Amino acid sequence: MRLVQRAHQFLGQALSDGDLAIDATAGNGRDTAFLASRIGSMGKVFAFDVQQEAIESTRSRLEQDGLLDRVSLHLCSHDRMKEKLPLQSLGKVSAIAFNLGYLPGGNKEITTRSETTTRALISTCALLRSGGILTLVAYRGHFGGREECDAARAELERSDLELEVIGDCSEGATSPLLFIASKAKINAPTP
């Protein structure tokens with residue numbers, strides 16, 4: 001099973017009707033459409049990408065799937081997601097998906113970068129609700145991919161999130177890694 005499909009399994013378990021979700025890297029819209037299909041008509045997905053081509057591709061996919069009304073598209077970097085979300089959504093996001101690298105079928109010179117990905121990850125703890133989940137697929141085989149993967153891992157390890165890594169973590173491996181980070185559930189105090 002591909003890592004993106006595994007990520008979808010984890011994300012799907014965290015989402016219910018009416019939830020808030022974020023696609024930090026909209027790309028061709030596959031993750032955005034998946035999230036939108038899981039949050040129902042009362043939920044909302046916020047999707048981000050720096051490329052107009054990605055936003056247009058995502059919009060087209062969502063229109064085709066009848067999901068556009070559930071999504072707010074933002075042409076900007078994922079490190080600005082916290083400022084683009086309504087204030088009342090802080091601490092209420094159920095799922096955040098990152099799929100790093102370049103736009104499939106697009107310009108391979110334009111990639112996500114360590115600096116912006118790290119800044120985006122720093123904001124995730126404030127965005128996620130108790131029990132919320134973040135998935136991040138990091139591709140190490142392209143120029144800058146290994147450095148970004150290492151930076152993302154370091155930031156996730158520093159966070160208050162519980163972290164699991166799926167994939168070949170051996171030194172020198174170039175295959176993708178899947179990071180699953182979850183925010184611990186806060187149990188209500190017993191009277």
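**Exercise 1. Find which residues of helix H3 are buried, and state how they are arranged around the helix.**

Step 1. Ala 54, Ile 55, Thr 58 and Leu 62 of H3 are buried; buried means under 20% relative accessible area, exposed over 50%, and partly exposed in between (1.4 Å probe, protein chains only). Helices (H or I, at least four residues) and strands (E, at least two) are DSSP runs, numbered from the N terminus.

Step 2. The buried residues of H3 fall within an arc of 100 degrees when seen down its axis, so they line one face of the helix. The arc is taken from the directions that run from the helix axis to the C-beta atoms. An α-helix has 3.6 residues a turn, so residues three or four places apart point the same way.

Step 3. Glu 63 and Gln 64, on the other side of H3, are exposed.

A note on the source: this is a predicted model, in which local features need pLDDT of at least 70 and side-chain atom pairs count only at pLDDT 80 or more, while totals for chains, interfaces and linings use all residues. Residues are numbered from 1 along each chain as its sequence is written, and side-chain values use heavy atoms, with hydrogens and water left out.

**Exercise 2. Check the length of H3 against its number of residues.**

Step 1. H3 covers residues 52-65, which is 14 residues. The expected span is 1.5 Å times one less than the number of residues.

Step 2. This gives 20 Å, and the end C-alpha atoms are 20 Å apart, so the two values agree.

Step 3. After H3 comes Gly 66, with a positive phi near 70 degrees.

**Exercise 3. Describe how H2 and H3 pack.**

Step 1. Their axes are 9 Å apart and the angle is about 35 degrees. Axes are lines fitted to C-alpha atoms, for helices over the stretch in contact, and angles run from 0 to 180 degrees between N-to-C directions.

Step 2. Arg 30, Thr 32, Ala 33 and Ala 36 of H2 make the contact with Thr 58, Arg 61, Leu 62 and Asp 65 of H3 (contact: heavy atoms within 4.5 Å).

Step 3. The buried residues of H2 include Thr 32, Ala 33 and Ala 36.

**Exercise 4. Is Ser 89 buried or exposed, and what is it in contact with?**

Step 1. Ser 89 lies in the loop between helix H4 (81-84) and E4.

Step 2. Its relative accessible area is 3%, so Ser 89 is buried.

Step 3. Leaving aside neighbours within four places in sequence, Ser 89 is in contact with Leu 20 and Leu 127.
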